[in-house]
Amino acid sequence: MLLKSSFILTVIAAASYSCQAQSELKSPQIMTADINMNGIVANFMFSPLPNNGGAKVKVEVKSGLTKKFAVSPTGGFEYHIHVKPVGPGNDCMATGGHLDPTNVGAAKCNPAKPEQCQEGDLSGKHGELKATETGVITPFSYNDKYIHFSGEAATIAGRSVVIHNNGTRVACGNINPYGQSSASASSPDGASKTGSNDGDVKTQGSGASGGQLVATMATVVAGTFFGALMAL
Ligand SMILES: [Cu+2]
C-alpha cells in the first residue's frame, strides 16, 4: 500500500515536470549555425527579441573570408538563410532557395526597406560579409525584426545559413537550437559539393543534420509517455 502511493507520487512529480518542460519548449530559443568547410569557419547566433520582435543576429567569422578569395566586384560575401538543411557530404546545393515566406522573390533587397526583403536575405538587409586580409571578421551583431522562431513557413528552425562568393555557394551549415551541436562526422570521402569554382580550396568536414531528428523523436516519445501518465 505504501509502495503504491509512493509510486503514484513519483508519477505525479514526473508528470508535472513534463508539463513544465513542454511549455518551455514552446517559447523561442536561441538558434545557431556553425559553419566549418572549405577553410571557412563561422558562427551565426540568432537570439529571440521580446514579444516576437525578431532576432538579434551575432556573426563571427574565424577564418576563410579573405580578400584574395573574394571574387565579387564588391569584395564581399553574400549570406542568407536557405529553406532546407545541408545535404549529405556538405552539399550546399541541397539547401534550396532563400527563406522567403512572403514570396518577395529575387527582387533586389533595399536595406532601407527590410520589410520588403526576403526574410532569409541577411546580406541584402544588413550588408555583405566584408573580406579581410586574414579572412577573420571581427564579431558584430544587429537586430532583424523579420526573423521568426515559429510558424511552419517562416521559422528559421531546421534551415541553414549559406555563404556565397560572387553567387557561388562556398560554405553552409545547419541552424540548430543552441547547445545542440551541429558539428558531426565529416563526410567519408571529404567531398564538398559546393559548386565552387575554386578547385584548390581546403575542405574541412562539418556538421550535417541527424541530431535534430533524433531530438524531435525523443521529444515526441517523451511527450506521449508523460501524456499517458497525466491521463491517469
Ligand atoms: Cu544564399
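1. Donors are N, O and S atoms within 2.8 Å of the metal (3.2 Å for Na, K and Ca); water is not among the atoms, so sites may look incomplete. In this predicted model, local features need pLDDT of at least 70, side-chain atom pairs count only at pLDDT 80 or more, and totals for chains, interfaces and linings use all residues. Residues are numbered from 1 along each chain as its sequence is written, and side-chain values use heavy atoms, with hydrogens and water left out.

2. The donor residues of the copper ion follow the spacing H-x1-H-x81-H. His80 sits in strand 4 and His164 in strand 7 (residues 160-165), so this pair ties together parts 84 residues apart in sequence. Helices (H or I, at least four residues) and strands (E, at least two) are DSSP runs, numbered from the N terminus. The protein donors are His80 (ND1), His82 (NE2) and His164 (NE2), at 1.9 to 2.0 Å from the ion. His80 and His164 are both buried. Buried means under 20% relative accessible area, exposed over 50%, and partly exposed in between (1.4 Å probe, protein chains only).

3. Disulfides. A disulfide is a pair of cysteine sulfur atoms within 2.5 Å. The count by this rule is two. Counting bonded cysteines along the chain, the pattern is 1-4, 2-3.

4. Cys92 to Cys172. The sulfur atoms of this disulfide are 2.1 Å apart. Cys92 lies in the loop between strand 4 (76-82) and helix 2 (122-126), and Cys172 in strand 8 (residues 168-177), so the link ties together parts 80 residues apart in sequence. The link is left-handed, with -90° about the S-S bond. Cys92 is buried at 0% relative accessibility. Cys172 is buried too, with a relative accessible area of 0%.

5. Cys109 to Cys117. Here the S to S distance is 1.9 Å. The torsion about the S-S bond is about 90°, so this disulfide is right-handed. Cys109 is buried at 11% relative accessible area, and Cys117 is buried at 5%.

6. Salt bridges. A salt bridge is a side-chain nitrogen of Lys or Arg within 4 Å of a carboxyl oxygen of Asp or Glu. There are two by this rule. Glu133 and Lys67 pair at 3.9 Å, N to O. Glu133 is exposed, with a relative accessible area of 65%, while Lys67 is partly exposed at 47%.

7. Lys125 and Asp144. Their closest N and O atoms are 2.8 Å apart in a salt bridge. Lys125 lies in helix 2 and Asp144 in strand 6, so the pair ties together parts 19 residues apart in sequence. Both Lys125 and Asp144 are buried.
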